[in-house]
Amino acid sequence: SNNADIATVKEAGGLVTAKKVGTAVITATTYNGKTATCTVTVKNAPDKISIEPTEITIGVGEVFYLSNSLPEDTASFNIKYSSRNTSIATVTSLGGVITGKSAGTVTVNAISHNGKTSKCTVTVKNAPDTITLNETALTLKVGETFDLESTLPENTASYSIRYTSRNSNVAT
């Protein structure tokens, strides 16, 4: 480390430890003098963490990507996620990717390296076997718009419903 007051590194293995706010450059060197560097910026630990969204409903088999936010000028490299019931929904430990497994409700937690936590309530419903629209045929004038609305069967869910056009030159 070019500044051990900011960050230290174990000579064998490269484990970096943040010491105080600032920037340090860590250098790895081979036996024959080849080098690589990593600039390490150390920020204050967060005093809170927020998961977004805090509530979500998805279908069985559907995947959703959580996001998190920290207060400005803070950092936590390892934010770990966990599900309180993996038979309802799983979540990747790093990254926060939720997958609906079976109908039910579960809490997904995020925890920062310094123990700050946040949660998201995940409701998983059965995957829909049909979808209907509020209109099955439309006649529109050039430049006119219409808001199609979709409906799923009761007790089913799909967070992401995508609409496409067979001919985007005519209608989008």
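Me: Which residue stands opposite Val91 in β11?
Reply: Opposite Val91 you'll find Ile98 of β11. This is a predicted model, by the way. Strand β11 covers residues 97-100, and its pairing with β10 is antiparallel, with 3 bridges.

Me: What is the order of the open sheet of 3 strands?
Reply: The order is β7-β11-β10, and the pairing is antiparallel. At the edges stand β7 (63-65) and β10 (89-91). Each has a single partner strand, so one side of each has no neighbour in the sheet. On average, neighbouring strands here are turned by 20° against each other, direction ignored.

Me: And the open sheet of 4 strands, what order does that have?
Reply: That one runs β6-β13-β12-β9, and its pairing is mixed. Its edge strands, β6 and β9, each pair on one side only. Neighbouring strands in this sheet are turned by 25° against each other on average, again ignoring direction.

Me: Is the pairing of β6 and β13 parallel or antiparallel?
Reply: Parallel, over 5 bridges, with β13 made of residues 117-125. One example is Gly59, whose bridge partner in β13 is Lys125.

Me: How many bridges are there between β3 and β4?
Reply: There are 8 bridges, and the two strands pair in the antiparallel sense. Strand β3 takes in residues 22-29, while β4 takes in residues 35-42. Across that pairing, Ile26 has Cys38 in β4 as its bridge partner.

Me: What about the hairpin of β3 and β4, how many residues sit between the strands?
Reply: The hairpin has 5 residues between its strands, and Gly33 there takes a positive phi near 90°.

Me: Which residue other than glycine has a positive phi near 65°?
Reply: Asp73 does, with phi near 65°. You'll find Asp73 in the loop between β8 (67-69) and β9 (80-83). Asn155 also isn't a glycine, and its phi is positive at about 65°. Asn155 belongs to the segment after β15.

Me: Why does Asp73 count as exposed?
Reply: Because its relative accessibility is 54%, and exposed means over 50%.

Me: New topic: which residues does the cis peptide bond with omega of about -5° join?
Reply: That bond joins Glu52 and Pro53. Pro53 lies in the loop between β5 (50-52) and β6 (55-59).

Me: What about aromatic rings, how many pairs are there?
Reply: The count is 1 aromatic pair. Phe64 and Tyr159 form it, in an edge-to-face arrangement, with 4.7 Å from centre to centre and 80° between the planes. The pair links distant parts of the chain, since Phe64 is in strand β7 and Tyr159 is in the segment after β15, 95 residues apart.

Me: Is Phe64 buried or exposed?
Reply: Phe64 is buried, because its relative accessible area is 12% and buried means under 20%.

Me: Last one: which residues form the nonpolar patch on the surface?
Reply: The patch is formed by Leu133, Leu138, Leu140, Phe146, Leu148 and Tyr163. Together they have about 520 Å² of accessible area. Tyr163 is found in the segment after β15 (150-151), and at 46% relative accessibility it counts as partly exposed.

Key
Residues are numbered from 1 along each chain as its sequence is written. This is a predicted model: local features need pLDDT of at least 70, side-chain atom pairs count only at pLDDT 80 or more; totals for chains, interfaces and linings use all residues. Side-chain values use heavy atoms; hydrogens and water are left out. Patches are made of residues with over 30% relative accessible area and no salt bridge: like charges are joined within 9 Å, nonpolar side chains (Val, Leu, Ile, Met, Phe, Trp, Tyr) within 5 Å. Accessible areas come from the Shrake-Rupley method with a 1.4 Å probe; for residues, only the protein chains shown count as cover. A salt bridge is a side-chain nitrogen of Lys or Arg within 4 Å of a carboxyl oxygen of Asp or Glu. Buried means under 20% relative accessible area, exposed over 50%, partly exposed in between (1.4 Å probe, protein chains only). Two strands pair if DSSP finds at least two bridges between them. Axes are lines fitted to C-alpha atoms, for helices over the stretch in contact, and angles run from 0 to 180 degrees between N-to-C directions. Rings of Phe, Tyr and Trp (its six-membered ring) pair if their centres lie within 6.5 Å; planes under 30 degrees apart count as stacked, over 60 as edge-to-face and the rest as tilted.
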